[in-house]
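The model is predicted.

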Amino acid sequence: MLVLSVISSAVAPGLALLTFFYLKDKYDQEPLHIVIKVFLLGLLIVFPVMIIQRGLMLGLNGGPYVESFLISAGVEECLKWFVLYHMIYNHTEFDEPYDGILYAVAISLGFATIENVMYAWYSNASIGSMFLRALLPVSGHAMFGVIMGYHLGRAKFSKGAKTKGILLISILLPWLWHGIYDFILSTTAYWIWFIVPLMAILWYGTMGKVDRANSRSPFRFLKREEEVNL
């Protein structure tokens with residue numbers, strides 16, 4: 001019974017955050033089955049990520065910078081970006097800027113959820129430790145997803161040469177923030193004093209990105225016309 005409670009506590013934060021961001025889509029909500037598929041893709045990429053990270057750890061003799069920015073953040077964010085770009089970026093359902101946020105959050109939370117389940121299973125985690133993980137790594141992955149998806153949405157609906165630059169930003173910024181997050185956790189015993197302000201900054205900034213992405217939706221005018229006609 002305790003094991004079931006811990007596993008449930010490992011899965012619940014990811015599903016709750018995914019629901020939160022799904023409901024934040026104001027004008028043209030995405031088909032739920034596609035969002036779920038992307039979430040499941042996030043579950044699956046954990047395994048190639050683990051293999052690549054293991055290989056890098058065996059082949060590199062790096063310190064905390066290499067481990068945080070390359071092995072951890074670099075591999076995870078690059079894999080998520082790669083899957084999103086090749087499977088979602090040109091999808092017909094990606095038809096407004098906020099969709100980039102939703103799909104990036106979905107794949108990030110899928111990854112964070114299976115990572116959380118594995119942690120709970122193999123470390124015999126307590127409910128208290130799972131609550132802390134919900135506040136930090138799970139929501140952290142969601143924030144990195146918002147940053148990635150926001151810029152993917154910008155690139156999708158931009159024109160000309162600047163599209164490639166925005167695409168580059170869509171992978172560099174989440175990689176940078178993720179690397180900073182991991183570096184703090186791995187290098188200081190007083191990490192809580194740095195992580196809490198970092199998470200507050202990320203939440204504040206990403207909620208602003210959510211609002212800006214929604215404000216650029218081509219469907220916002222249709223929604224207003226429907227409201228007026230009613």
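At what angle do the axes of helix α3 (residues 46–59) and α5 cross, and within what distance do they come? The two axes cross at roughly 70° and come within 10 Å. An angle from 65 to 115 degrees counts as roughly perpendicular, and α3 and α5 are therefore roughly perpendicular to each other. On the α3 side, Val 46, Val 49 and Met 50 take part, and they meet Phe 111, Ile 114 and Met 118 in α5.

Helix α5 also packs against α2. Here the angle is about 40° and the axes are 6 Å apart, and the two helices are therefore oblique to each other. The crossing of α2 past α5 is right-handed. From α2, the contact involves Ile 34, Val 35, Val 38, Phe 39, Leu 41, Gly 42 and Leu 43. From α5, it involves Leu 102, Tyr 103, Ala 106, Ile 107, Leu 109, Gly 110, Phe 111, Thr 113 and Ile 114.

The table sets out the two packing pairs.

| Helix pair | Angle | Axis distance |
|---|---|---|
| α2 and α5 | about 40° | 6 Å apart |
| α3 and α5 | roughly 70° | within 10 Å |

Which residues of α2 are buried? They are Ile 34, Val 35, Val 38, Phe 39 and Gly 42. These residues cover an arc of only 145° around the axis, which puts them on the same side of α2. An α-helix has 3.6 residues a turn, so residues three or four places apart point the same way. The face turned away from the buried side of α2 carries Lys 37 and Leu 44, both exposed.

Another residue of helix α2 is His 33. With a relative accessible area of 47%, His 33 is partly exposed. Between His 33 and Lys 80 there are 19 Å in space, C-alpha to C-alpha, and the two are 47 residues apart in sequence.

Helix α2 (residues 32–44) has 13 residues and reaches 19 Å from its first C-alpha to its last, close to the expected 18 Å. Helix α5, with 27 residues, should span 39 Å at 1.5 Å a residue, and its end C-alpha atoms are 39 Å apart, which agrees.

How many of the 27 residues of α5 are buried? The count is 21, so α5 is largely enclosed by the rest of the structure. Just after α5 comes Asn 124, which takes a positive phi of about 50°.

Technical notes
Residues are numbered from 1 along each chain as its sequence is written. This is a predicted model: local features need pLDDT of at least 70, side-chain atom pairs count only at pLDDT 80 or more; totals for chains, interfaces and linings use all residues. Side-chain values use heavy atoms; hydrogens and water are left out. Helices (H or I, at least four residues) and strands (E, at least two) are DSSP runs, numbered from the N terminus. The expected span of a helix is 1.5 Å times one less than its number of residues. Buried means under 20% relative accessible area, exposed over 50%, partly exposed in between (1.4 Å probe, protein chains only). The arc is that of the directions from the helix axis to the C-beta atoms. Axes are lines fitted to C-alpha atoms, for helices over the stretch in contact, and angles run from 0 to 180 degrees between N-to-C directions. Angles under 35 degrees count as roughly parallel, over 145 as roughly antiparallel, 65 to 115 as roughly perpendicular and the rest as oblique. A crossing is left-handed if the near helix is turned anticlockwise from the far one by less than a right angle, and right-handed if clockwise. Contact means heavy atoms within 4.5 Å.
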